[in-house]
Amino acid sequence: RLVEGDNSCSGRVEIYDRTEWKSVCDSDFGPEAAAVVCRELQCGLAPAVPGSAHFGEGAGPTWDRELQCVGNESLLASCPRGAPREQPCNHSRVAGVICTRAPTQPLSPLPALGGTAFRLVNGSTRCEGRVEFHVLGTWGTLCASHWDLEDGHVLCHHLNCGFAESIPEGGSFGAGTGPVWRDSFHCSGTEAHPGQCPVTALGASPCPPGNAAALVCSGPVSLRLVGGGGRCDGRVEQLRDGAWGRAWAGPWGLREAGQVCRQLRCGEAQAAHAPPGPPRAPVGHEPGPTLPDTSVPSEGLEDVGVVCEGSRRVRLASGAGRCAGRVEIYTHGTWGTVCDDGWDLRDAAVVCRQLGCGAALEAPGSAAFGPGQGHIWLDGVNCSGHEGALWDCPAAPWGQHDCGHKEDAGVKCS
């Protein structure tokens with residue numbers, strides 16, 4: 001985007017990277033890159049590329065590498081990039097652009113999208129189809145290369161379509177006719193709509209023709225889990241008379257919690273508990289209703305909670321960005337680490353692929369990214385490298401280990 005100018009076709013150059021806007025150093029931004037920016041924003045040509053913070057110094061971080069555009073690219077994301085800077089750019093040297101044409105319509109950068117800016121088209125219902133979103137005055141399609149189930153869950157929730165049942169092969173609902181966006185969403189599953197998810201907007205490889213992202217949602221649901229770390233753990237709520245509220249009457253244990261988890265396609269229950277306190281030990285297998293009894297008055301219902309298998313996820317902590325760091329797994333309602341016994345590049349490859357972070361470069365152990373806290377969930381991990389998730393690999397049973405946090409495993413991805 002261009003900010004602090006007379007309109008959205010002039011101003012200081014800013015790039016949205018992961019979760020924040022970053023200014024660009026004038027030494028990393030030439031007339032070729034400026035031409036691409038004006039073209040992408042539908043603002044004509046770029047006769048002026050003022051540097052030295054002509055439109056103000058801005059605030060926050062700066063983009064850390066050169067944009068090596070040729071000038072004929074249609075999107076800034078298509079431009080090659082140089083190696084990262086060793087030192088950040090001084091804010092007094094940030095770049096600006098003045099394009100030849102003022103905008104003829106409001107511009108909506110991707111991170112600001114919300115409301116009805118997303119839709120599913122060409123499916124048999126409104127809750128399945130090709131993923132499209134509205135930007136720069138037109139509907140475009142999303143490349144399927146980095147579109148995954150967590151991203152789909154957020155979009156289904158935003159469209160009041162329940163949760164994501166599947167991510168069909170790219171192009172399953174047609175290729176679309178608008179522009180193709182190659183942005184990579186990195187949703188955790190807790191966001192209200194995809195526009196709140198971290199986004200990698202630059203550096204994506206070209207999208208194969210016709211590879212438009214697709215999604216099949218469950219359709220509207222009457223049960224949900226809220227207040228947890230994702231859609232598969234939290235307090236159980238039921239939709240009653242158009243409002244969400246307490247969901248359960250009668251006994252509550254692993255059997256009943258399992259019924260909720262299975263209905264929400266979240267696997268089996270790991271724990272049943274009663275919020276707002278912390279999760280407690282499972283309370284047994286008492287008989288109970290298959291579904292909440294909607295005939296029970298709302299004042300007879302209680303707060304109950306559940307942690308399902310589907311709440312498991314992995315992250316890399318304490319590294320330089322989301323693609324390097326200490327391996328941490330969220331399961332049984334809490335984050336824990338992985339022991340480095342037998343930890344190697346094949347194990348790291350599964351983590352990198354699971355996070356959409358490319359190939360595994362290193363698999364350091366001995367708490368290379370600092371010692372973690374809490375449980376050590378896995379020990380003796382022995383992946384082939386082709387598993388879909390780290391917990392699909394052979395390993396000791398959950399929580400069984402002979403390690404300390406000084407042996408926490410780490411990963412560096414490409």
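Which residues are buried in helix 1 (residues 31–40)? I looked this up in the model, which is a predicted one. I found that Ala 33, Ala 34, Val 36, Val 37 and Cys 38 are buried in this helix.

I next examined what these residues meet. The buried residues of helix 1 pack against strand 1 (2–4) and strand 4 (96–98). Just after helix 1, I noted that Gln 42 takes a positive phi of about 60°.

I then turned to the aromatic rings. I recorded 6 aromatic pairs in the structure. One of them joins Tyr 16 and Trp 21, whose ring centres are 5.1 Å apart. Tyr 16 has a relative accessibility of 14%, and buried means under 20%, so I listed Tyr 16 as buried.

I also looked up Trp 147 and Phe 185, an edge-to-face pair with 6.2 Å from centre to centre and 85° between the planes. This pair links distant parts of the chain, as its members are 38 residues apart. I located Trp 147 in the loop between strand 7 (138–142) and helix 2 (149–158), and Phe 185 in strand 10 (residues 184–185). Both Trp 147 and Phe 185 are buried.

Lastly, I checked for charges over rings. Arg 313 lies over the face of Tyr 330, 4.2 Å from the ring centre. Arg 315 has its charged end over the ring of Trp 335, at 3.7 Å from the centre of that ring.

Notes. Residues numbered from 1 in each chain as written. Predicted model: local features only at pLDDT ≥ 70, side-chain atom pairs only at ≥ 80, totals over all residues. Heavy atoms only, no water. Buried < 20%, exposed > 50% of the residue type's maximum accessible area, 1.4 Å probe, protein only. Helix = DSSP H or I, 4+ residues; strand = E, 2+ residues; numbered from the N terminus. Contact = heavy atoms within 4.5 Å. Phe/Tyr/Trp six-rings, centres within 6.5 Å; stacked < 30°, edge-to-face > 60°. Lys NZ or Arg CZ within 6 Å of the ring centre and 35° of its normal.
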